Amino acid sequence: MNQNTHSNHTIILAGVTGDLGGRVARFLLQQGAVVRALVRPGKTNDKLKALQKQGMLLLEVDFASASALTTACAGGTCVVSALSGLREVMVETQTALLQAAVAAGVPRFIPSDYAIDFTKLPRGTNRNLDLRQEFAERIAATPIAATSILNGMFSDLLTGQAPLVLFPVNRVMYWGNPDQLLDFTTVENTAEYTAAAALDAITPRFLRIAGNVLSARGLQEAASKATGKHFRLLRLGGLGALDTLIKITRIVSPQNQEVFPPWQGMQYLRNMLSGLPKLEPLDNNRYPHIQWTTVQEVLASRAS
């Protein structure tokens with residue numbers, strides 16, 4: 001229910017047409033914030049119309065127009081980006097949005113990072129995370145107060161796009177160390193946390209969250225409890241073997257214009273399994289009202 005507790009906040013939201021962005025809008029509206037969603041002309045759909053009925057303000061804007069973007073950001077207390085794409089979007093479009101926010105005097109900016117801790121990774125190990133590092137450098141060159149939300153892997157992906165949990169054969173596959181801890185957070189929890197951060201007047205440069213921290217062994221236990229079936233570990237080799245598989249996949253099926261081709265997901269998993277981008281310390285307790293969904297609960301929803 002809208003409590004109007006944050007009616008003095010005007011959040012400028014880019015990327016509302018995506019899954020995460022739409023959820024962020026919903027949580028902001030529930031908190032009584034003014035939500036001004038920026039969309040490209042002609043992007044209105046049923047989901048956006050539903051959010052408009054809840055009070056969201058929809059503003060069609062040409063992202064290539066600096067003046068139009070600046071006008072759209074005027075009066076905002078925070079710009080939240082949930083954009084998704086490759087360099088044109090993650091670096092260039094976000095830079096245009098960042099510059100407009102600065103020009104309009106918006107004090108805070110939340111970029112579309114939502115990932116493992118890419119600041120700990122060497123360049124060249126993950127194409128999509130390299131783009132986030134590049135944009136972080138552009139943020140650093142501005143006076144705006146930026147906060148990145150780092151959430152590990154979306155645990156929702158474990159039921160489909162990131163098939164670590166192999167339901168048909170009751171296996172949890174992995175490479176390397178079965179005890180390496182990994183960070184998982186649902187899209188819903190990430191959206192709720194992002195909304196809370198957007199309404200928080202003072203936040204640090206990075207906020208790190210994980211709805212669940214589990215190793216491959218932990219995933220095995222979670223899958224077994226979620227399904228009532230005994231899952232076993234399936235080790236496919238060391239990290240070097242995964243490196244080779246990534247190279248082969250990228251040659252056979254490059255799909256370089258796709259945001260998340262198979263090899264990109266494999267790169268992300270390789271990064272996680274290395275332990276380098278582990279999120280610590282976690283900032284889960286910053287907003288006590290958030291109830292964190294476990295991996296077991298996610299897997300149970302898939303199994304039911």
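Me: What is the expected span of a helix?
Reply: The expected span is 1.5 Å times one less than the number of residues. Helices here are DSSP runs (H or I, at least four residues), as strands are (E, at least two), numbered from the N terminus. The model is predicted: local features need pLDDT of at least 70, side-chain atom pairs count only at pLDDT 80 or more, and totals for chains, interfaces and linings use all residues. Residues are numbered from 1 along each chain as its sequence is written, and side-chain values use heavy atoms, without hydrogens and water.

Me: How do you know that α8 has close to its expected span?
Reply: Helix α8 (residues 239–252) has 14 residues, and its first and last C-alpha are 20 Å apart, close to the expected 20 Å.

Me: Which residues of α8 are buried?
Reply: Leu 242, Ile 246 and Thr 249 are buried (under 20% relative accessible area; exposed is over 50%, partly exposed in between; 1.4 Å probe, protein chains only). They lie on the same side of α8 because their arc around the axis is only 70 degrees, taken from the directions from the helix axis to the C-beta atoms. On the face turned away from that buried side, Lys 247, Ile 251 and Val 252 are exposed.

Me: Why is Ile 248 called partly exposed?
Reply: Ile 248, in helix α8, has 46% relative accessibility, so Ile 248 counts as partly exposed.

Me: What makes α5 mostly covered?
Reply: In α5, 11 of 14 residues are buried, among them Leu 129, Phe 135 and Ile 139. The buried residues of α5 pack against α4 (87–104), β5 (108–110), β6 (145–146) and α9, where contact means heavy atoms within 4.5 Å.
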